[in-house]
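Please keep the sequence and the coordinates at hand while reading.

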Amino acid sequence: MLATTGHARRGGRVLHALLLSAVAILAAECPQGPGRLSRNNLAPTMDRLVAAYEDLASKRFQVIADFEDPAQATLFRLEPAGAPGDVGVTTDNAQLRTGVGSLKVRLGRAGQRLVCGSHAESQWGLPRDWSKYNLLLISVYSPRQLGGFVVEAHSGTSLAMSYQSPPLLLRSGWNLLRLDLGDMADYIDLSDVRSLEFRCDPLDSPVDIHLDDLIVVDNTCELFATPEKQPGDLYVRSVGRRLSVGAQDRFELTFSHGRIRQWFDLGTDKTRIHNLVGPGALGPLFSPASEEGRPAAEVEAAAEWLGAGTLLQTYQSLIGANPLRVVIRGEWRFTPPNQVPSEADPYHRWWYSIYRDGRVYIECSGTALGRSAAGRIAISFCCDASTGLQTRLVSPSGPDKTEAAMDDHFLLFSRPTRGQADLLVAPFKTPLSSVSGGTPDARTCGTWVMSTEEQRFVFATMIRIWPPDLDSPELAAPMVADYRHPLPLQIDVGQLIRTDPGDFDNDGFSEGRGYYVLQLDGAIAKIRIDGHRKLRFSPLFKLVDVANRDVWIYADGRQIRDAVHDEDGNLVFAVPGVISWETLLEITSRPIDAQ
């Protein structure tokens, strides 16, 4: 039965509800202007909130403050203190869809902050336990565009643990801030939150802002899954602002702010206790390289690109999901303060193609500014050393060279225990140099230095996070050679398309997305895959221009039935198994409306 509507008044009731999520940018403008409001004809509180905020669709949330009761203002105070009327509930401006009240605050200078926390004289209580939720919603009204709006959260009796958001851009009007509690959980105890703080730096003149609808929510939602949920079946979930992509009983990757922040080995860790990435991101991580070609000391120092004062806007979205693969896009925009993000801003961009067999193809591009010298950039991959993962950088001149490795470079994070997942990373381009080492936060990393052109870089890589027991360079080398040397491929009928977005060298194989791009000759195609010279591991194909055709695919006479259409109508499929001989791939088709 649905819980009774209520708020977080001391000794009062708490509103709970379930939630449906959508991936969105960190601050979204809501065009509403100020004006005197009326409480007449308002729907019940829960109905208004659910109708106003998509994140509350399944009704599991807790209201911190909606400012429909003047007592809620006693939770808030300015430090240093301002004039007596600088903080208070008003009906002059509010989120019209949810009520008539908001908290008006005058920030007079950059060092001043608004503090939200229970104290002896407050008539309203700040809920402390946020551990059941994964997103904090805050509506903020600004009369003008402001850069550098910051939200802080503190936990513990001495407030010793703290989280600070990156600087946020407020546009003129109402802005919806969606702060991922997963980010906060890395720094504070979500079961004992004691205060929130709000400030703006820089602030060149006083400003009156309004706060409304501070809400913590659990917006976990299953975005894609197969009905059977058999081992190896792909799934996608949204949790807060994060996306979790996994294959049942095999692996799970969590994406946050466009990067892989968690990796779980579901074969040995079904409860997801051990994040094999550790603090930070898995990679690829970009940093400036010195003139000597060595990587920068801080592999995740994104601020080095443009210097202090730059606003970092992060985005990620689910592009497509089907039983064969999931596609995620992430982007960072480096924006000068008080400017609206635009396509002209420097950027870093990631395109991830996650396949159910454990292959992940990553296509990256971006702007190399700041201290990047001599046309070089350092690209790093890091894992948690405490989980037993050991880093091995393999190169033709290195100590791990094997006959099978040939001229290939790759990075292997391996664990000796049988049945545990390992990580293989193979770059498409040959790096200028490489180095491995640890970080102060107990992570083990491998770094390649790559060339850039005109302050731009592109990078493609294949990583493998499944199957387990990829423990030695000898086992990894054939998979690396398969990726780095996809040709020759004998086309008897049909042709390779060499203009795919992920095909960096225009050879018909998309290094950034993992497949050969094939076009029929009329209604058919015939391809011979040579597995004698190099083993081929479940080669992937994208068949273009077949959105309105029925297609039949055969490998050595056996039909391949697991083909799927991507978001553009192309047909994507894998030839199953390891090919160690010549395999004939035959494709026939006819128009869908043909009899």
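Predicted model: local features only at pLDDT ≥ 70, side-chain atom pairs only at ≥ 80, totals over all residues.

Are Tyr361 and Tyr483 buried or exposed? Both Tyr361 and Tyr483 are buried.

## Aromatic pairs

Across the whole structure, a search finds 17 aromatic pairs. In one of them, the ring centres of Phe67 and Phe76 are 5.5 Å apart and the planes meet at 50°, so the pair counts as tilted. Phe67 is buried, its relative accessible area being 0%, and Phe76 also counts as buried, with a relative accessibility of 6%.

The rings of Tyr361 and Tyr483 form another tilted pair, since their planes lie at 45° to one another, with 5.9 Å between the centres. Because Tyr361 belongs to strand 23 (residues 359–367) and Tyr483 to helix 3, this pair ties together parts that are 122 residues apart in sequence.

## Charges over rings

Two arginine side chains can be described alongside the ring pairs. The charged end of Arg349 sits over the ring of Tyr347, at 4.3 Å from the ring centre. In the case of Arg513, the charged end sits over the ring of Trp351, and the distance to the centre of that ring is 4.1 Å.

## The largest cavity

Rolling a probe the size of a water molecule over the atoms shows where empty space is left. In this model the count comes to 4 cavities of 30 Å³ or more, and the largest cavity holds about 120 Å³ of space. The lining of this largest cavity consists of 13 residues, of which Arg359, Tyr361, Asp482, Phe509 and Phe537 are the closest to its centre.

Which element gives the most residues to the lining of the largest cavity? Helix 3 does, with 3 residues, while strand 23, strand 30 (456–464) and helix 3 each supply at least two. By residue class, the lining of the largest cavity divides into 9 nonpolar residues, 1 polar residue and 3 charged residues.

## Backbone geometry

Most residues other than glycine have a negative phi, and most peptide bonds are trans. Against that background, the peptide bond that joins Gly283 and Pro284 is cis, with an omega of about 5°, and Pro284 is found in the loop between strand 18 (259–265) and strand 19 (285–288). A cis peptide bond also leads from Leu487 to Pro488, where omega is near 10°; Pro488 has its place in the loop between helix 3 (473–484) and strand 31 (490–493).

Positive phi values in residues other than glycine deserve a separate look. For Asp249, phi is near 65°, and this residue is found in the loop between strand 16 (242–247) and strand 17 (251–256). Ser538 has a positive phi of about 45° and lies in the loop between strand 35 (536–537) and strand 36 (540–543). As for accessibility, Asp249 is partly exposed, with a relative accessible area of 39%, whereas Ser538, at 17% relative accessibility, counts as buried.

Notes. Residues numbered from 1 in each chain as written. Heavy atoms only, no water. Helix = DSSP H or I, 4+ residues; strand = E, 2+ residues; numbered from the N terminus. Buried < 20%, exposed > 50% of the residue type's maximum accessible area, 1.4 Å probe, protein only. Phe/Tyr/Trp six-rings, centres within 6.5 Å; stacked < 30°, edge-to-face > 60°. Lys NZ or Arg CZ within 6 Å of the ring centre and 35° of its normal. 1 Å grid on protein atoms, 1.4 Å probe; cavity = no way out; pocket = protein on both sides within 12 Å on 5 of 7 lines; lining within 4 Å. Points joined across faces, edges and corners; volume = space filled by probe spheres on them. Nonpolar A, V, L, I, M, F, W, Y, C, P; charged D, E, K, R; others polar.
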